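Reader: I would like to go through this model with you, beginning with the whole chain and then turning to particular parts. Could you show it first?

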Amino acid sequence: MINITGKTSLVGLIGWPIEHSLSPKMHNAAFAELGLDWVYVPLPVRPDNLPQAIPGLVALNFVGVNVTVPHKQAVMRYMDELSQSAQTIGAVNTICLRAEGKGKFYGHNTDATGFLNSLLEADCNPQGMRVVVLGAGGAARAVVFALAQAKADSVIVLNRTAQRGAFLVDDLVETFPNNALHFAPLTDESLMALDGQIDLVVNTTSVGMSPHVSSCLWPTNIPMPAQTIFCDLVYNPLETLFLAQARAAGAKTINGLGMLIHQGAAAFECWTGQTAPVAVMRQACLGEVSVR
Ligand code: NAP
C-alpha cells in the first residue's frame with residue numbers, strides 16, 4: 001500500500017494490467033533516499049481509457065509517468081515533443097510534463113540508455129562487437145538502437161516471425177545506414193551457424209520469464225561458446241535457464257535487472273533533475289525478484 005498523503009509531486013506507471021511491477025518500490029526508495037517529498041503510484045489504464053488518461057495527468061498535477069505494455073506506442077500521438085530515441089525506437093516509456101508549458105508532454109525512451117548502461121556496468125562495451133539479438137519486439141528495437149549508437153561491429157536480429165524481424169532491421173537501417181544490421185529467421189540452423197563467431201548474444205524475448213522458468217530459446221544440443229557473453233532482458237527470475245545454460249558452458253552472463261534499474265534511473269533524472277541513487281534502487285528491486 002502506497003501512502004500519498006501530503007506528497008507534493010506525483011509520478012506513476014501507466015500500463016494494463018500492472019501486477020508485478022518493481023518500479024513503484026524502486027522509485028519510492030529513490031525519492032526517500034534523496035529526501036524528496038514525491039510518490040510513484042501504479043496507474044492501471046485500460047487501452048480504451050488512454051485518450052482520457054493522458055490529459056488527466058495534467059489535471060491531476062502529475063510531474064511525469066512511465067509507460068509500459070500495451071501503451072508504449074499508443075501514447076506517442078499525445079506527445080507535444082519526442083526525444084530522438086523515442087522517435088527512432090517508435091515507443092515512449094517515459095513522459096515528462098513540463099510545468100512551464102502548462103501540460104506540455106515530452107515523450108522519451110530510456111530503455112536504450114538503460115540497456116547500454118547495464119552492459120557497461122558489467123564491463124561489456126559493445127563497441128566493435130559482433131552481436132546477435134534474439135527477438136524483434138519493442139525491447140529489441142531499443143536494444144538494436146543502443147547497439148547501433150554504441151558502434152557495435154554488426155548486429156544480427158533473429159526472430160520467430162520473419163516479417164517482424166525484417167521490418168525492424170529495414171526501419172533502423174534508415175537511421176543507421178553505416179551500421180551492419182541484418183535479419184535472419186530464428187531457427188536451430190541459424191543458431192548453429194553462429195559457431196563461435198559472435199561476441200554478445202542478447203535475449204530480448206519473454207521466453208524464460210516467471211512463471212515459465214523452464215523455457216529457453218537456445219536448444220540444449222547447440223553449444224554456447226564460452227568466449228561469448230550472454231545477456232537476457234528478463235529479470236525475474238534473475239538467472240533464466242538461458243543464462244544458467246550459458247554459465248554452465250563457462251560463458252559470462254548479464255541479467256535484465258541492470259537494464260531495469262538504469263532505464264528507471266534515466267527516467268528519475270528526467271523528472272527530478274537530480275542524480276538517481278542507483279545502489280538504493282537496485283537494493284529495492286533485489287528484495288522483490290526470485291533467483292529461480
Ligand atoms: P514484445 O514486443 O511482445 O516482443 C516479444 C518478442 O518475443 C517477439 O520478438 C516475439 O517473437 C518473441 N517471442 C515471444 N515468445 C516467443 C517464443 N515462444 N519463441 C520465440 N520467440 C518468442 O515484448 P517486449 O516489450 O519486447 O518485451 C520482451 C521482454 O523483454 C519481456 O520479458 C520484458 O519483460 C523484457 N523487458 C525487460 C526490460 C528491462 O528493463 N530489463 C525492458 C523492456 C522489456 P514474434 O515476433 O515471433 O512473436
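Author: What follows is a conversation about this structure, which is a predicted model.

Reader: Thank you. How many helices and strands does the chain have?

Author: The chain contains ten helices and twelve strands. Its radius of gyration is 19 Å, close to the 19 Å that the globule rule gives for 292 residues, so the chain is as compact as a globular protein of that length.

Reader: And what does the C-alpha trace span along its principal axes?

Author: The spans are about 60 × 40 × 35 Å.

Reader: What share of the residues counts as buried?

Author: Of the 292 residues, 50% count as buried. As for contacts between residues at least 6 apart in sequence, 71% of them join residues at least 24 apart.

Reader: Let us turn to helix packing. At what angle do H4 and H5 cross?

Author: Helix H4, residues 111-121, and helix H5, residues 138-149, cross at roughly 60 degrees, and their axes come within 8 Å. The crossing is right-handed.

Reader: Which residues make that contact?

Author: From H4 they are Asp111, Ala112, Phe115, Leu116 and Leu119, and from H5 they are Ala142, Val143, Phe145, Ala146 and Leu147. By class, this contact has nine nonpolar residues, no polar ones and one charged.

Reader: How does H4 pack with H9?

Author: H4 packs with helix H9, residues 257-272, at an angle of about 125 degrees, the axes being 7 Å apart. This makes H4 oblique to H9. The crossing of H4 and H9 is right-handed.

Reader: Which residues meet there, and how do they divide by class?

Author: Asp111, Gly114, Phe115, Asn117, Ser118 and Glu121 of H4 meet Gly258, Met259, His262 and Gln263 of H9. That contact has two nonpolar, six polar and two charged residues. Asp111 and Phe115 take part in the contact with H5, and they are also listed for the contact with H9.

Reader: What is His71 in contact with?

Author: Leaving aside neighbours within four places in sequence, His71 contacts Ile14, Gly15, Trp16, Val45, Arg46, Pro47 and Leu50.

Reader: Lastly, Ser9. Where does it lie, and what does it touch?

Author: Ser9 lies in strand S1, residues 9-15. Not counting residues up to four places away in sequence, Ser9 touches Asp37, Trp38, Val39 and Val63. Ser9 is buried, with a relative accessible area of 14%.

Reader: How far apart are Ser9 and Phe230?

Author: Ser9 and Phe230 are 39 Å apart in space, C-alpha to C-alpha, and 221 residues apart in sequence.

How values were computed: Residues are numbered from 1 along each chain as its sequence is written. This is a predicted model: local features need pLDDT of at least 70, side-chain atom pairs count only at pLDDT 80 or more; totals for chains, interfaces and linings use all residues. Side-chain values use heavy atoms; hydrogens and water are left out. Axes are lines fitted to C-alpha atoms, for helices over the stretch in contact, and angles run from 0 to 180 degrees between N-to-C directions. Helices (H or I, at least four residues) and strands (E, at least two) are DSSP runs, numbered from the N terminus. A crossing is left-handed if the near helix is turned anticlockwise from the far one by less than a right angle, and right-handed if clockwise. Contact means heavy atoms within 4.5 Å. Ala, Val, Leu, Ile, Met, Phe, Trp, Tyr, Cys and Pro count as nonpolar, Asp, Glu, Lys and Arg as charged, and the others, Gly among them, as polar. The radius of gyration is taken over C-alpha atoms; the globule rule is 2.2 Å times the number of residues to the power 0.38. Buried means under 20% relative accessible area, exposed over 50%, partly exposed in between (1.4 Å probe, protein chains only). Angles under 35 degrees count as roughly parallel, over 145 as roughly antiparallel, 65 to 115 as roughly perpendicular and the rest as oblique.
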